[in-house]
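Biologist: I would like to go through this model with you, one part at a time. Could you begin with a pair of strands and then move on to the helices and ligands?

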Amino acid sequence: MSAPELVGVTIDGRVVEVPKGTGLVEAALAAGIEIPVFCYEPRLGAAIGACRMCLVEIEGMPKLQAGCTLTAQDGLVVHTAQTSAKAEEGARAMLEFQLVNHPLDCPVCDKGGECPLQDLTFRYGPGNTRMSFSKLTMDKPIPISPHIALDRERCILCYRCTRFSESVAEDGELVAVNRGAQSMIATFEDEPYRDRFSGNVIELCPVGALTSTEYRFEARPWEIQSVPSVCGLCPVGCNIAVNTREGKVKRILSRNHPEVDQGWLCDKGRFAFPSLRAADRIVDPLLRVRRRGFDAVSWDDALDAAERMLRDAGSDVLVELSGSETNELAYGLAKLVAALGGTMRLPEDDPAPLGRPLSSLADASSVATEDGAPLEEAAPVAALWAKQGRRNGADGPGVTLRVPRTANGVGVAHAVARAGAKTSGSLLQAPALLIVSGDDAAAEPPVRELAEASGSVIALTMFQGLAVGWADLVLPGTSYLERDGSLTNMEGRTQRLRRAVIPPAPDELAWLAKLAERFGVELSAHAPVVHEELFGRPFEELGERAPLDVAVPDTSGARHLTRPRGSRLVRYRPLFSGPAVERVPKFEFQRPNGDVELSPEQARELGVRGGDVVTVRTNGTSAQLRARIRRGLEPGVVLVAEGAADELAPGDVEVSRP
Ligand code: SF4
Ligand code: SF4
Ligand code: FES
């Protein structure tokens, strides 16, 4: 590739060379100079020049210019508000204008302390007001969904939120209504903002007009600690900043990894953390003492019981992994089980890593999943890359993805293989002991059935509701927000997980190391040590934004598979499902409602409209379900979420009006 053509720009007397086409805001940043912005956000597409906060003086031009709309040109001489009295006067005038109706909310506004409007007012704003009339007042705050509150008085009409809705998420649910002074942000037809990426607008809003209902009045920016980590709820592995105050998670923000997530999160990753405080969270080991009854026991007693159960079972031990384990925990479990001669069951068959950055999906002319399930349900932020490619008319080869069903399916398969443990697909008979690891495994009906048929069961789970009734010993599990270690995402990128809050019980590696010691198996209780043993390189090398790893090999000869086309029923695991989501009531409005989903083309062909009841027939069974139209669904694919109409098996399908 040839080197990009460079152009030289002078900004506030500093000469900087940048590739031709670089925006002036970025060129200034490269020179260490800030051009203040409100509406400018390059991830939302071309600049719209709405707020005029970025006014700069350009030599040779009579009027101030909106810097965000300009690109660096050779010989351009720019003066920002820091050196030009004219530009400073422009910034002052724009702020005065913005503040005409802005409420004096800073002391009670969640954005206070991290608000560009507040910061710029301190820097350039008027010290007092020349306005003697009353400010415009509106109802506030308006809940536009259970997650988000809208305060219209604070809105500066930068249109970042509506541009995100229209041009990134492509949901069209957030809109600007009315004109001129009456303009305001609203949801389409006043429906709740339901889209799975809705929470991003809270971070995009440069003022306190869109706030998180979970975070409102919970903390000030100077009181919180921010822990860089990764999301552990799906195979994308978005980079996150976990904000905590007094040992509790208060909010989760994005931490832009340009190859993984581009700074976007889905609502599950952003809003599921209150499940840490679920009413049925297990904090002590539970031992079954009589039929259908448990006693809380000490950790010593629990480890005695676990040792006894393992010795009684001999090599007839099976561990069901959920795919949410860290690489280090999966390796530790596999190392112990390998020493006992037992077997591990992986959460999925052949979880082949993509082997290239998710950002490369933006170059593909089309992106589909191998099984036809919607990409945005299994790997939401990956779907945003695919949408970006479609919007930009990408013409690279089409990609058919195999998406792992679990967050760390790729990593646990690698860890188990490295530990040398036996693995098994389907089992002919139940084992003497089954160890069920993780909430997702404990929530799977086939795993429960197998557990119930086994001689005895140890369950590692966070929530009592998942294990009572069939486990003999329940050991408290921890969340990805409470663990150190690493996760390997669907690309094959191994990223660092940091403990953001102290779990209510010791983390799994701590007690597993003690249990392993009783069997003479050497296992460190410290994730960095286990990581080095597993990957053969220091834990610290993972860094803050991990590069695409080579330690987990790309085993996918089949990642660009073509799959059969035709009318077929696809069952998929909805994004808003699973033990964590079920414990956060605010997700209720986003959860699937058991509809059958059709592509617009198929609905038209059948003469079916959204809300109509249709008959779905497959493999000799049928069910009557309400139809919903899903944009972007491949024609011929008929979707029913897992957990609804379970009698319908995937395969050939016929949909008709009753
Ligand atoms: S709500 Fe926030 S992001 Fe949306 S237009 Fe208003 S200020 Fe901008
Ligand atoms: S896309 Fe996946 S990894 Fe990213 S925030 Fe959502 S659940 Fe977490
Ligand atoms: S940041 Fe340039 S016009 Fe808004």
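This is a predicted model: local features need pLDDT of at least 70, side-chain atom pairs count only at pLDDT 80 or more; totals for chains, interfaces and linings use all residues.

Biologist: Which residue of E30 is the bridge partner of Val570?

Modeller: The partner of Val570 in E30 is Leu639.

Biologist: How many bridges join E26 to strand E31, and are these parallel or antiparallel?

Modeller: E26 and E31 (residues 651-652) run antiparallel, with two bridges between them. In this pairing, Leu569 has Gly651 of E31 as its bridge partner.

Biologist: Let us turn to the open sheet. What is the order of its strands?

Modeller: The order is E15-E14-E23-E22-E21-E16-E17-E20, which makes eight strands with mixed pairing. Strand E15 (293-296) and strand E20 (422-423) stand at the edges; each has a single partner strand, so one side of each is without a neighbour in the sheet.

Biologist: And within that sheet, how many bridges join E22 to E23?

Modeller: Four bridges join strand E22 (residues 456-461) to strand E23 (residues 473-476), and these two strands run parallel. Ile458, for example, has Leu473 of E23 as its bridge partner.

Biologist: Which strands does helix H7 lie across?

Modeller: Helix H7 (residues 299-313) lies across strand E14 (286-290), strand E16 (317-321), strand E21 (433-437), E22 and E23. Its direction is at about 130° to E23.

Biologist: At what angle do H7 and helix H15 pack?

Modeller: The angle between H7 and H15 (residues 508-518) is about 50°, and their axes are 10 Å apart. The two helices are therefore oblique to each other. The crossing of H7 and H15 is right-handed.

Biologist: Which residues make that contact?

Modeller: H7 contributes Trp299, Leu303, Ala306 and Glu307, while H15 contributes Trp511, Lys514, Leu515 and Arg518. By class, five of the contact residues are nonpolar and three are charged, with no polar ones.

Biologist: What about H15 and helix H8: at what angle do their axes cross?

Modeller: The axes of H8 (residues 327-340) and H15 cross at roughly 15° and come within 10 Å. H8 and H15 are therefore roughly parallel to each other. Their crossing is left-handed.

Biologist: Which residues of H8 and of H15 are involved?

Modeller: On H8 they are Glu328, Leu329, Gly332, Leu333 and Leu336; on H15 they are Glu508, Leu509, Leu512, Leu515 and Ala516. The contact of H8 with H15 comprises seven nonpolar residues, one polar and two charged. Leu515 of H15 belongs to this contact and is also listed in the contact with H7.

Biologist: A change of topic: which residues are closest to ligand 1?

Modeller: The closest are Cys155, Cys158, Cys161, Cys205 and Ala209, out of 13 residues that surround ligand 1. Twelve residues of this shell are nonpolar, one is charged and none is polar.

Biologist: And which residues are around ligand 2?

Modeller: The residues around ligand 2 are Cys231, Leu233, Cys234, Val236, Gly237, Cys238, Leu265, Cys266, Lys268, Gly269, Pro380 and Val381. Helix H6 (267-271) and helix H10 (380-391) are the elements that each give two or more residues to this shell. By class, the shell around ligand 2 has nine nonpolar residues, two polar and one charged.

Biologist: I have not yet asked about helices H2 and H3. At what angle do their axes cross?

Modeller: The axes of H2 (residues 85-98) and H3 (residues 116-124) cross at roughly 130° and come within 10 Å. H2 and H3 are therefore oblique to each other, and their crossing is left-handed. The contact involves Glu88, Ala91, Arg92, Leu95 and Gln98 of H2, together with Leu117, Leu120, Thr121 and Tyr124 of H3. Five of these residues are nonpolar, two are polar and two are charged.

Biologist: Finally, the backbone. Is the peptide bond from Lys140 to Pro141 cis or trans?

Modeller: The bond is cis, with omega near -20°. Pro141 is in the loop between H3 and strand E6 (142-143).

Biologist: What is the phi of Glu170, and where is this residue?

Modeller: Phi of Glu170 is near 55°, which is positive in a residue other than glycine. Glu170 lies in the loop between helix H4 (160-167) and strand E8 (174-177).

Note on methods: Residues are numbered from 1 along each chain as its sequence is written. Chains are lettered from A and ligands numbered from 1 in the order in which they are written. Two strands pair if DSSP finds at least two bridges between them. Two residues are in contact if their C-beta atoms, placed from the backbone, lie within 7 Å. Axes are lines fitted to C-alpha atoms, for helices over the stretch in contact, and angles run from 0 to 180 degrees between N-to-C directions. A residue is near a molecule or strand if its C-beta atom, placed from the backbone, lies within 6 Å of it. Ala, Val, Leu, Ile, Met, Phe, Trp, Tyr, Cys and Pro count as nonpolar, Asp, Glu, Lys and Arg as charged, and the others, Gly among them, as polar. Angles under 35 degrees count as roughly parallel, over 145 as roughly antiparallel, 65 to 115 as roughly perpendicular and the rest as oblique. A crossing is left-handed if the near helix is turned anticlockwise from the far one by less than a right angle, and right-handed if clockwise.
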